[in-house]
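Biologist: Please take one part of this model and walk me through it closely. I would like to know what touches what.

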Amino acid sequence: MADETLARRVPWIALALSFFSAGVGHIYCGRMSKGLVLYFAWILVPLGMIAAAVLPRSSWTLTMFILLPALTVVGIYVYAAFDAWQIASRDRSGIALRDYNRVSVYVLLIAIHMVYPMGLMAGVRGLVYEAFVIPTASMSPTIQRGDRILVRKLLARPYRPRRGELVVFRNPEPKGAEVFVKRVVAVAGDRVELRDDQVWINGEQLERSPVPTELRQHLGRQPAGNVWQEINDGGRYLVAYETDDERPAHAEAVATTVPEHHVYMLGDNRNLSKDSRHFGPIHLRDIIGNVDYNYWPAGTWSRFGMLQPPLP
Amino acid sequence: MTDELYREWLEARRRISPPETLADQIMQAAERQGAELPVDWRRRLVCRMENSPAARWAFCGSALAVGCLPFLFLAHFAKLVSF
């Protein structure tokens with residue numbers, strides 16, 4: 001039953017409640033509908049991410065469905081605080097108290113708000129997208145040290161990776177990094193041969209062409225060695241053959257057939273990468289997801305978004 | 001005419017000297033007002049905080065710090081901060 005007592009709303013309390021949780025300041029001021037809309041604004045983030053996971057990959061999708069909702073939630077938080085303060089300052093005569101105008105309701109809403117955005121984020125990280133920071137140059141020039149990538153975990157079942165895809169998988173060895181990001185160069189049943197810096201799949205050498213230096217300078221920090229554009233199963237990507245004093249070129253020839261339910265992985269920086277040449281083909285169950293976006297490139301923003309080389 | 005009445009009333013008031021107990025009466029009135037503070041401890045706390053800018057700043061600052069925790073988690077999710 002509504003209590004018709006007029007009660008003055010204190011602006012700093014409205015502001016503090018909004019700081020605790022967007023929307024609660026409005027509910028305190030008797031603006032229930034608007035308060036609930038602001039309160040549940042966090043849902044935009046997982047909804048945007050789910051939409052991005054099912055839509056075709058593009059820089060536009062990344063911006064509109066992943067980055068914009070996150071920024072919108074921040075904007076809504078700031079707006080809600082300012083607006084709640086304004087409403088409480090304006091309503092000098094007070095408001096008619098409702099059933100929900102109770103301290104216990106505000107405390108409950110704030111307590112829920114401490115949990116539900118984090119739950120949503122944890123759910124997104126576990127099921128939809130997970131972010132990773134790249135600590136090494138083993139995937140240079142495509143992904144460079146310091147890049148932040150988004151890995152899509154929402155995969156078709158049964159998942160059958162294609163040649164040329166970038167994937168993140170669990171390290172099959174007990175020591176070293178927990179996860180690796182590499183490129184699938186061969187799938188189950190393929191015969192892979194590696195010799196003299198070249199890759200053969202099922203007896204056919206992968207087509208490749210050198211990338212001119214004048215084009216490479218637009219792609220951020222680039223490896224010192226030769227850079228090639230390789231074509232595998234119709235997909236184009238850059239590979240490098242960089243060497244340094246500590247790690248000489250991987251000279252050992254490889255010839256193997258990829259077993260069922262496995263894929264063969266190589267790093268794009270072929271000479272500085274620990275990959276299937278060291279630990280063998282990777283079982284599909286160890287794959288965590290597909291690399292969709294480079295949302296925070298190191299060095300230059302010209303590599304923002306997609307992981308395809310911007311080359312002719 | 002109104003001004004004349006007002007002047008007369010003012011003169012009459014000036015002729016009256018204040019009672020000797022005026023100070024006591026004021027003190028008692030102040031005490032009564034103090035006793036009228038809300039019984040509910042939360043309302044009393046709000047009344048006290050309304051009179052203390054430092055307490056208001058501290059409360060709003062704490063609210064901001066707590067309210068920003070989900071954003072901190074979002075930044076952690078995006079690998080912008082690590083903890």
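**A helix pair in chain A, and what lies beyond**

Modeller: This is a predicted model. Start with the residues where helix 4 of chain A meets helix 5 of chain A. Helix 4 contributes Leu44(A), Val45(A), Gly48(A), Met49(A), Ala51(A) and Ala52(A). Facing them in helix 5 are Thr61(A), Leu62(A), Phe65(A), Ile66(A), Pro69(A), Ala70(A), Thr72(A) and Val73(A). By class, this contact has 11 nonpolar residues, three polar ones and no charged ones.

Now the geometry. Helix 4 of chain A spans residues 44–54, and helix 5 of chain A spans residues 59–90. Their axes come within 8 Å and cross at roughly 175°. Angles over 145 degrees count as roughly antiparallel, so helix 4 of chain A is roughly antiparallel to helix 5 of chain A.

Chain A also holds an open sheet of seven strands, in the order 3-4-16-5-6-14-15. The pairing is antiparallel. Strand 3 (129–133) and strand 15 (282–283) of chain A stand at the edges. Each has a single partner strand, so one side of each is left without a neighbour in the sheet. Within the sheet, strand 5 (residues 166–170) pairs with strand 16 (residues 287–296) of chain A over three bridges. Val168(A) stands opposite Gly289(A) in strand 16 of chain A.

Finally, the contact between the chains. Chain A gives 19 residues and chain B gives 17. On the chain B side, helix 3 (41–50), helix 4 (53–67) and helix 5 (69–77) each supply at least two residues. Helix 4 of chain B gives the most, with seven residues. The chain B side divides into 13 nonpolar, one polar and three charged residues.

Definitions and conventions
Residues are numbered from 1 along each chain as its sequence is written. Chains are lettered from A and ligands numbered from 1 in the order in which they are written. This is a predicted model: local features need pLDDT of at least 70, side-chain atom pairs count only at pLDDT 80 or more; totals for chains, interfaces and linings use all residues. Axes are lines fitted to C-alpha atoms, for helices over the stretch in contact, and angles run from 0 to 180 degrees between N-to-C directions. Helices (H or I, at least four residues) and strands (E, at least two) are DSSP runs, numbered from the N terminus. Angles under 35 degrees count as roughly parallel, over 145 as roughly antiparallel, 65 to 115 as roughly perpendicular and the rest as oblique. Two residues are in contact if their C-beta atoms, placed from the backbone, lie within 7 Å. Ala, Val, Leu, Ile, Met, Phe, Trp, Tyr, Cys and Pro count as nonpolar, Asp, Glu, Lys and Arg as charged, and the others, Gly among them, as polar. Two strands pair if DSSP finds at least two bridges between them.
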